[in-house]
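Reader: I would like to learn how to read disulfides and helix packing from a model. Where do we start?

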Amino acid sequence: YLSSFRKGFDEGLKDIKLDFMKSDGGLTPVDDFGGHQAILSGPAGGVIGYAKTAFRPTEGDDDKTKIMPVIGFDMGGTSTDVSRYDGHLDHVFETTTAGIAIQAPQLDINTVAAGGGSRLFLRTGMFVVGPESAGSHPGPVCYRKKGYLAVTDANVVLGRVIPEHFPSIFGPKEDEPLDLEGARGAFAELCKEEEASGRSVEELAYGFLRVANEAMCRPIRNLTQMRGYDITTHKLACFGGAGPQHACAMAKALGMTKVFVHRYGGILSAYGLSLADAVYEEQEPAAETYSYGDKLDSDPSAKVRSERLSQLAKKARSALVKQGYKEEEIMIENYLNMRYDGTDNAMMVQEPTSGDMTFGDVFRDHYQREFGFQLNNLDIRIDDYRVRAVVPGPTPDPLKAVKSIGKPTATSTTRAYFENGWETIPVFQIDDLKPGHTISGPAIIVQSISTIVLEIDCSALVTADGDLDITVLGNKESTEDESNQSEDVVIKEDPVKLSIFAHRFMGIAEQMGRTLARTAISVNIKERLDFSCALFTSDGGLVANAPHIPVHLGAMQAAVKFQVQYWNSEGREGIKEGEVLVSNHPQLAGGSHLPDITVITPVFHEGKVIFFVASRGHHADIGGIAPGSMPPHSTCLEDEGAMIIAFKLVKDGTFDEKGITEILQSPGKIPGNTGTRNLRDNLSDLRAQVAANQSGIRLLHELVKEYGLRQVDAYMKFIQCNAEACVRAMLREFAEKNGNRAHAIDHMDDGTPIELTIDINKETGDAVFDFSGTGPQVLGNVNAPPAVTYSAVIYSLRSLVGQDIPLNEGCLAPIEFKIPKYCLLNPSDDAGVVGGNVLTSQRVVDVVLKAFKACAASQGCMNNLTFGDKKFGYYETIAGGAGAGPNWHGRSGVHTHCTNTRITDPEILERRYPVLLRQFGLRSGSGGDGEFKGGDGVVREIEPLRPLVMSILSERRSLRPYGMSGGSAGQSGRNLLVKKNGIVVNVGGRCSSSIDVDE
């Protein structure tokens with residue numbers, strides 16, 4: 001790309017200074033520019049643009065603390081980017097783009113698949129926006145190229161985009177105006193569908209806009225609320241071609257009071273590039289102590305730190321001088337990558353400009369805000385030194401105050417659709433406006449490269465620079481009518497609100513997960529993300545489960561329902577406000593396996609339980625016969641750790657540390673067993689789960705305040721009904737094509753069959769999942785309690801539906817289960833089950849997908865590795881290959897199906913545990929062959945640095961993952977121990993053994 005670009009100029013731009021924008025927001029010479037640095041260079045230009053124009057002091061007042069922090073909202077044709085700026089640029093150093101992990105400094109920009117070209121659908125009772133895009137060709141219907149109905153069409157139909165103010169560049173010959181009538185016709189066709197519920201064209205289009213706005217509000221909430229910021233104290237800076245059409249409505253929905261639209265808002269990314277700084281960075285790893293936990297003012301690294309930062313600064317400064325910049329132009333920014341000892345969440349901290357603050361003060365402030373607590377008894381470590389040498393780009397002058405000169409004269413009027421229906425509104429040309437002009441909404445302001453929609457209860461002031469400073473006066477747009485509060489009024493399901501509530505419920509569950517990951521201590525939860533968070537109705541029915549760990553889905557619901565029934569049964573004390581419940585028993589209390597501990601908190605309103613929130617996290621050790629609490633050879637439940645049927649973790653506002661400690665240490669009373677080997681992490685993670693639940697409660701209370709309890713409660717049930725309808729439709733469609741009955745069988749490595757017969761009612765979409773023929777429970781630990789089977793089935797059905805639907809109780813409503821008692825999938829109360837959750841669950845998914853002829857088998861287990869000694873226990877699941885499908889290749893080296901965790905980073909693994917990671921890569925050619933090939937598995941080689949007990953719990957070591965439709969089976973896995981003398985021993989699928997140094 002760079003070569004072809006330069007060839008387009010005389011002499012290939014020889015001797016001409018040419019800079020490119022990087023994803024970190026800085027300019028770099030063309031010779032130093034690489035593709036990995038440019039993934040987000042366009043959005044980064046927009047961030048620089050609004051950072052230098054929207055975050056500006058007022059003339060005569062340089063106090064930046066008085067400036068509102070800014071949320072950047074960049075809405076283009078296919079996606080929307082959101083970011084935040086409060087006086088400094090936030091960088092991330094590892095991101096995933098299109099499924100590819102990229103390790104390079106980038107601005108912290110979040111992308112959602114909702115833009116002007118996002119397609120519009122009515123699907124099983126819901127308004128759906130994206131993620132499919134109409135693209136630029138053929139584009140939306142109004143482009144006159146036989147395109148798809150999209151968000152831009154909705155704006156055109158509603159009069160928010162005026163065709164006369166667009167150039168005539170549409171149609172096959174690119175010489176026609178936007179097609180209003182074509183867009184109206186496409187919406188009219190959609191009105192005929194049942195899901196339109198009798199809406200007019202305008203009502204339908206406006207409903208899609210509301211859903212699109214909510215989809216774009218979700219990442220903004222994630223960017224602020226999930227990180228401890230108050231969203232209402234921020235200004236929304238909107239840019240991109242479509243952003244100004246939506247910004248005011250979104251600000252109202254978010255409770256924000258200020259919107260900023262730059263005069264070059266349609267091309268702010270390009271304008272920002274002209275303002276960008278020239279940047280050169282140097283970074284070095286470190287392993288030093290910044291301060292000791294018991295001496296906050298200690299600074300043992302001061303001398304070394306000063307020397308290393310000076311050396312890095314010298315290198316960075318020299319690099320910019322070589323690029324032609326003057327020494328005196330260069331500014332140096334020093335950073336330390338800091339973390340508390342024993343934790344993994346390092347934070348890049350910039351050296352404070354105030355002489356009263358230290359690196360440590362800034363780190364502690366950031367940590368408190370981000371995680372909500374301090375770890376004052378721990379040392380603070382330095383992982384990296386980083387220096388950023390900057391030559392500042394052009395910076396606009398401070399804002400000049402302007403006095404209002406009243407309302408300008410409109411150039412014309414037009415009809416546009418708002419929340420109250422059609423209104424005749426004024427249209428203004430931006431070039432006719434002068435500083436001090438004030439415009440009240442509703443109105444439309446036309447720029448040469450964008451259209452600004454000023455909503456009702458919004459007022460725009462033209463600044464001295466010709467930008468628009470918009471004040472949003474109205475309350476949140478979506479509020480419940482007072483009439484709906486009456487008990488006599490029946491709340492009817494509305495497809496638009498159904499879609500909006502689906503986003504809100506899922507957003508709350510996601511934010512709970514973010515809180516849990518932020519506040520947990522253990523690698524398992526904070527780094528591997530082995531947890532799930534969810535919302536439930538007052539009777540324990542699952543409403544929304546964030547896309548965390550699929551195997552937790554049905555099991556969490558069973559756990560909540562058990563607790564509701566248990567504590568409210570006769571003779572028990574009930575559930576009171578402020579209490580928090582905890583359990584993990586797989587057979588008796590809806591658990592998955594003992595290491596998965598569920599923390600459940602009731603949500604009270606006016607003295608009554610209205611909902612429940614819950615979080616389930618995998619604790620790396622809870623006792624038992626082997627470190628890591630995943631013993632390969634356990635034969636009964638008590639071998640696997642502490643058992644909790646029902647316990648109140650918090651009572652009368654007090655965390656019962658003594659009581660839960662006794663439970664976690666209780667396995668030590670059994671001969672051959674040990675209590676938890678890491679009580680500190682257990683207690684810290686349980687507190688983190690309580691905190692995650694509290695964040696969910698707070699957000700649910702905000703939702704109830706916004707919409708009213710009756711409406712929130714009603715839409716929880718509507719969401720469940722919608723998921724049920726989607727699954728019924730899928731089952732009916734399958735039965736029409738393949739008949740009423742489906743059957744599949746597969747076997748565990750020990751030969752135990754898992755057999756499934758599915759009988760579907762074509763008329764109703766009901767189905768019976770009959771596991772008769774499944775083998776008896778085994779004297780081992782691959783038995784799986786029914787809740788695990790429910791989770792595997794709900795995951796499979798959700799995957800088979802083929803569209804984005806809420807993951808909740810409704811998915812299982814059409815299903816009747818028949819699971820014979822005391823079979824592998826319905827064992828006795830005392831049976832060992834630790835492997836059922838991580839091995840058998842995967843085999844159940846394979847069997848379900850085989851019955852539906854959906855895809856070939858995947859790796860078929862979670863490859864559970866644990867190691868440790870009396871002082872610690874570590875646990876991980878290892879990736880493998882995914883099965884191929886009718887028109888796709890299987891992915892290689894991924895966690896599949898019921899596990900959605902990630903592997904621990906090699907640096908963190910080796911830093912925190914006494915092991916070396918010798919090898920970790922793809923096992924080439926191990927996926928099954930065929931027209932569409934199965935994904936390859938992996939090779940992972942670990943060497944201990946001191947004697948440890950290592951255990952492996954795995955499947956598919958003898959029976960290979962099946963192929964489908966003539967495709968070949970994948971290779972079976974192997975677990976090998978390399979002895980000191982070089983002898984290689986195959987230890988089989990399940991093994992626990994002492995392993996020495998050099999093995």
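Author: We start with a definition: a disulfide is a pair of cysteine sulfur atoms within 2.5 Å. Note that this is a predicted model.

Reader: How many disulfides does a search of the whole structure find?

Author: In general, a disulfide is a covalent bond between the sulfur atoms of two cysteines. Here the search of the whole structure gives 0 disulfides. For C191, the nearest cysteine sulfur belongs to C142 and is 17 Å away.

Reader: Is C191 buried or exposed?

Author: Buried means under 20% relative accessible area. C191 has 18%, so this cysteine is buried. C855 is buried as well, with a relative accessible area of 9%.

Reader: Now the helices. At what angle do the axes of α14 and α15 cross?

Author: Angles of 65 to 115 degrees count as roughly perpendicular. The axes of α14 (residues 679-707) and α15 cross at roughly 115 degrees and come within 7 Å, which makes the two helices roughly perpendicular. On the α14 side, the contact is made by L700, L703, V704 and Y707; α15 brings L709, Q711, V712 and M716. By class, this contact has 7 nonpolar residues, 1 polar and no charged.

Reader: Which residues of α10 meet α15?

Author: Geometry goes before the residue list. The axes of α10 (residues 495-519) and α15 (residues 709-738) come within 10 Å, crossing at roughly 95 degrees, so α10 is roughly perpendicular to α15. From α10, K497, L498, F501, A502 and F505 take part. They meet α15 residues including Y715, F718, I719 and N722. The classes in this contact are 9 nonpolar, 2 polar and 1 charged.

Notes
Residues numbered from 1 in each chain as written. Predicted model: local features only at pLDDT ≥ 70, side-chain atom pairs only at ≥ 80, totals over all residues. Heavy atoms only, no water. Axes fitted to C-alpha atoms, helices over the stretch in contact; angles between N-to-C directions. Helix = DSSP H or I, 4+ residues; strand = E, 2+ residues; numbered from the N terminus. Parallel < 35°, antiparallel > 145°, perpendicular 65-115°, else oblique. Contact = heavy atoms within 4.5 Å. Nonpolar A, V, L, I, M, F, W, Y, C, P; charged D, E, K, R; others polar. Buried < 20%, exposed > 50% of the residue type's maximum accessible area, 1.4 Å probe, protein only.
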